[in-house]
Amino acid sequence: MAPTVLCIGKITDAAEEWKALSSKYTLLEFQSGTREDFLANCRKGVYDSVVGCYRSNGSTRFTGRFDDELVEALPKSWKYVAHNGAGYDTIDVDACSKRHIAVSSTPIAVDDATADVGIFLLLGALRNAHFSIAALRAGKWMGTTPRGHDPKGKTLGILGMGGIGRAMAHRARAFGMRIIYHNRHRLEPALEGDAEYVSFEELLAKSDVLSLNLALNPSTRHIIGAPELAKTKPGVVVVNTARGALIDEAALVEALDSGHVSAVGLDVYEKEPEIHPGLVRNERAFLLPHVGTYTYETGREMELLVLRNLQAAVDEGKMITLVAEQKGLEWAPPVKDEGTTSS
């Protein structure tokens, strides 16, 4: 009997590849509805044969978070969640681990597109781009645009030197920026390159531009708040392409209004899609609506990686990009080494 897999949400750019899996799997879909609809399907046994799922990044609006309640409702057959997104804070990994359900995400596939947007925000914030864009569209030419700053010679401090952080550093070097970083663990020399590993306190004190490139979890929520902002250089620029709740947004607005933070470049917000009104009204806030990976190419790469994770799990009992919290757990599937996840 063919294994059964479920698609939660929609597949946009790899729909044909999903349909092609019908040659070896029974395919089910939950592309719209409510959390109660999904839970009702679980209770009625609709998913009793499901081994694993493809979970789209936008499916949270249908099912809500994959929290303890939802995970407990999944059938005993369910062993894998292949999630589309580098961030997976909408999944309670601990709840999944209690049920021995393995979770994968999509790092690597998102690195370049997210870093591109990070550099765009960095330059826009340094050059006070919002002033001139708004003035031009209002028919005022430059308006009251203040002079900006060059990136050359500035210190970029990267909090979270994973794939996206390293891609950000690679791009920043082309602008003549010095790179410092802080991680839970220092990188191997081959990955570190000329970047300098510093303590968290040093990162705050030395950065001209502070870029957040780490995952959101209970230990990193509000990792940048009022006390941390007070330790940064006067005139620091803050860039965030990771998750909005890494920063206490109210504290950031206060620091921006005071001038201690000279500008911000943000693609993510604490309570999306809501944005703190203090950010919206401040012309030194260069803002985007969470479009870091919103390209045709990256969208397809992410979806294909999710499908490869799902197939590796079902066919081989392995996952390519198992989330960090589950690596090394006794029950967790081994990691499949693809060599590269690009295609």
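In which loop is the place of N128? N128 sits in the loop between α6 and α7 (129–137), where helices (H or I, at least four residues) and strands (E, at least two) are DSSP runs numbered from the N terminus. The model is predicted, so local features need pLDDT of at least 70 and side-chain atom pairs count only at pLDDT 80 or more, while totals for chains, interfaces and linings use all residues. Residues are numbered from 1 along each chain as its sequence is written, and side-chain values use heavy atoms, with hydrogens and water left out.

**Backbone**
- Phi of N128 is near 55°, a positive value in a residue other than glycine.
- E272 and P273 are joined by a cis peptide bond with omega of about 5°.
- P273 belongs to the loop between β11 and α13 (277–280).

**Helix pair α6 and α8**
- The axes of α6 (residues 111–126) and α8 (residues 163–173) come within 8 Å and cross at roughly 50°; axes are lines fitted to C-alpha atoms, for helices over the stretch in contact, and angles run from 0 to 180 degrees between N-to-C directions.
- That angle makes α6 oblique to α8 (under 35 degrees is roughly parallel, over 145 roughly antiparallel, 65 to 115 roughly perpendicular, the rest oblique).
- The crossing of α6 and α8 is right-handed (the near helix is turned clockwise from the far one by less than a right angle).
- In contact (heavy atoms within 4.5 Å) are residues including D111, D116 and L122 of α6 with G163, M168 and R171 among those of α8.
- By class, the contact of α6 with α8 has seven nonpolar, three polar and four charged residues (Ala, Val, Leu, Ile, Met, Phe, Trp, Tyr, Cys and Pro are nonpolar, Asp, Glu, Lys and Arg charged, the others, Gly among them, polar).

**Cavity and pocket**
- The whole structure has one cavity of 30 Å³ or more (on a 1 Å grid over the protein atoms alone, points where a 1.4 Å probe fits but cannot get out; a pocket is an open set with protein on both sides within 12 Å along at least five of seven lines; lining residues have an atom within 4 Å of a point).
- The largest cavity has a volume of about 40 Å³ (the space filled by probe spheres set on the points, which are joined across faces, edges and corners).
- N240, G244, I247, E249, L252, L266 and V268 line the largest cavity.
- The second largest pocket holds about 180 Å³ of space.
- Of the 14 residues lining the second largest pocket, L126, H149, G235, V237 and S262 lie nearest its centre.
- Two or more residues of that lining come from each of α6 and β11 (261–266).
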